[in-house]
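Q: I have a chain open on my screen and would like to go through it with you. Could you take a look?

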Amino acid sequence: MVFSTDYILREQYRDPWNEVRIGKLLEDLDALAGTISVKHCSDDDSTTRLPLLVTASVDKIVLKKPISVNVDLKIVGSAIWVGRSSIEVQLEVIQSTKEGSDTSDSVALTANFIFVARDSKTGKAAPVNRLSPETETEKLLFEEAEARSKLRKRKNVEEKKEIQNGEVNRLEALLAEGRIFCDMPALADRNSILLRDTCLENSLICQPQQRNIHGRIFGGFLMHRAFELAFSTAYAFAGLVPYFLEVDHVDFLRPVDVGDFLRIKSCVLYTEHENSEKPLINIEVVAHVTRPELRSSEVSNTFHFTFTVRPEAKAKNNGFRIRKVVPATEEEARSILERMDADSMQSSKGKKRRYLA
């Protein structure tokens with residue numbers, strides 16, 4: 001993207017803080033990952049019927065440094081792993097502020113997308129072309145992606161076991177705080193807030209202009225809208241301008257079609273105060289496909305965004321403090337514990353938080 005010379009393009013991507021709009025960048029990442037997946041599945045035979053390729057999940061998107069809207073950037077990516085009917089694509093957003101700087105220092109954002117192939121007639125899983133890593137780097141990326149694939153398959157089973165084996169004490173402790181807000185609000189901790197009081201919501205009808213080549217709503221569009229709502233939620237909660245850090249694993253549970261009534265709901269799930277200079281705000285965004293005529297509502301996506309606050313904003317407010325979020329219901333308490341445990345599991349596997357430098 002040639003921001004340095006293309007004024008119109010620059011203005012399309014500029015946010016109020018003279019940085020790139022992350023939501024628009026998420027759309028571009030999904031589009032490029034889809035193109036790479038199609039290219040991987042293509043061959044020289046014009047009679048071959050290409051499978052339907054859909055975004056199954058996003059493993060993680062991490063912002064490593066601010067992305068300026070005044071400096072050119074490029075997005076590079078490649079398929080790094082394939083299963084029988086799935087492809088993992090790794091993407092990097094590269095922006096160098098100095099000539100001749102190290103490429104690794106120029107990586108501003110990393111993302112891993114997983115696409116699955118479906119037969120266009122039967123809708124069943126379709127096999128994809130094999131991948132043969134050649135260099136040491138390619139082999140390492142393949143092995144890491146293979147490990148992530150196995151982890152994803154075990155994840156649901158392990159999470160269910162953890163819930164069944166019980167975090168009764170932790171659950172009760174969280175609910176005890178919430179009961180004080182509900183039963184004795186005048187005596188509640190002023191440094192805490194009920195989860196339900198942090199919620200925001202958007203609704204929209206999905207339009208034809210937002211569809212992909214298969215006629216379904218573009219996954220990048222859904223991520224864009226989810227990000228904008230998460231950012232607004234963090235802003236309203238903290239009272240200071242938030243700074244995006246990462247998107248955790250995202251599953252695309254069901255397709256979203258043109259004409260669907262989409263309701264996107266967000267809340268602050270929990271906060272972290274271990275680093276007082278860079279407190280973390282964990283936002284959950286859930287997208288529901290609602291069909292009023294059928295009186296039905298199904299979850300299509302659940303997103304988990306992590307924000308901190310912009311250092312320059314925090315520096316102007318010495319008394320700034322992030323509130324603790326407490327649940328009012330058992331369902332909310334379980335959601336908080338599941339998310340905290342998932343983050344803790346990732347940290348134990350060496351996936352450290354990325355903080356603003």
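Q: Which residues does Ile 61 touch, leaving out those up to four places away in sequence?
A: This is a predicted model, and in it Ile 61 touches Leu 26, Leu 109, Thr 110, Ala 111, Phe 113, Met 223, Phe 244, Leu 245, Glu 246 and Val 247.

Q: Where does Ile 61 lie, and is it buried or exposed?
A: Ile 61 lies in strand β1, which covers residues 52-63, and it counts as buried because its relative accessible area is 0%, where under 20% is the cut-off.

Q: And how far is Ile 61 from Phe 113, C-alpha to C-alpha?
A: Their C-alpha atoms are separated by 9.0 Å, although the two residues are 52 apart along the chain.

Q: What about Thr 110: where is it, and what does it touch?
A: Thr 110 is placed in strand β4, residues 107-118, and, again not counting residues up to four places away in sequence, it touches Lys 60, Ile 61, Val 62, Lys 64, Leu 91 and Glu 92. Thr 110 is buried too, with a relative accessible area of 16%.

Q: Switching to helices, how do α2 and α6 pack?
A: Helix α2 (residues 22-41) and helix α6 (residues 219-238) pack at an angle of about 160°, with their axes 8 Å apart. Angles over 145 degrees count as roughly antiparallel, so that is how α2 runs relative to α6. The crossing in which α2 passes α6 is right-handed.

Q: Which residues make that contact?
A: From α2 they are Ile 22, Gly 23, Lys 24, Leu 26, Glu 27 and Asp 30, while α6 supplies Gly 219, Gly 220, Phe 221, Met 223, His 224, Phe 227 and Glu 228. Sorted by class, this contact has five nonpolar, four polar and four charged residues. Leu 26 and Met 223 are also among the residues that Ile 61 touches.

Q: How many residues of α6 are buried, and what follows the helix?
A: α6 is mostly covered, with 15 of its 20 residues buried, and it is followed by Gly 239, whose phi is positive, near 80°. As for length, the 20 residues of α6 should span 28 Å at 1.5 Å a residue, and the end C-alpha atoms are 28 Å apart, so the two values agree.

Q: Zooming out, how many helices and strands are in the chain?
A: The chain has eight helices and twelve strands, and buried residues make up 45% of its 357 residues. Of the contacts between residues at least 6 apart in sequence, 75% join residues at least 24 apart.

Key:
Residues are numbered from 1 along each chain as its sequence is written. This is a predicted model: local features need pLDDT of at least 70, side-chain atom pairs count only at pLDDT 80 or more; totals for chains, interfaces and linings use all residues. Side-chain values use heavy atoms; hydrogens and water are left out. Axes are lines fitted to C-alpha atoms, for helices over the stretch in contact, and angles run from 0 to 180 degrees between N-to-C directions. Helices (H or I, at least four residues) and strands (E, at least two) are DSSP runs, numbered from the N terminus. Angles under 35 degrees count as roughly parallel, over 145 as roughly antiparallel, 65 to 115 as roughly perpendicular and the rest as oblique. A crossing is left-handed if the near helix is turned anticlockwise from the far one by less than a right angle, and right-handed if clockwise. Contact means heavy atoms within 4.5 Å. Ala, Val, Leu, Ile, Met, Phe, Trp, Tyr, Cys and Pro count as nonpolar, Asp, Glu, Lys and Arg as charged, and the others, Gly among them, as polar. Buried means under 20% relative accessible area, exposed over 50%, partly exposed in between (1.4 Å probe, protein chains only). The expected span of a helix is 1.5 Å times one less than its number of residues.
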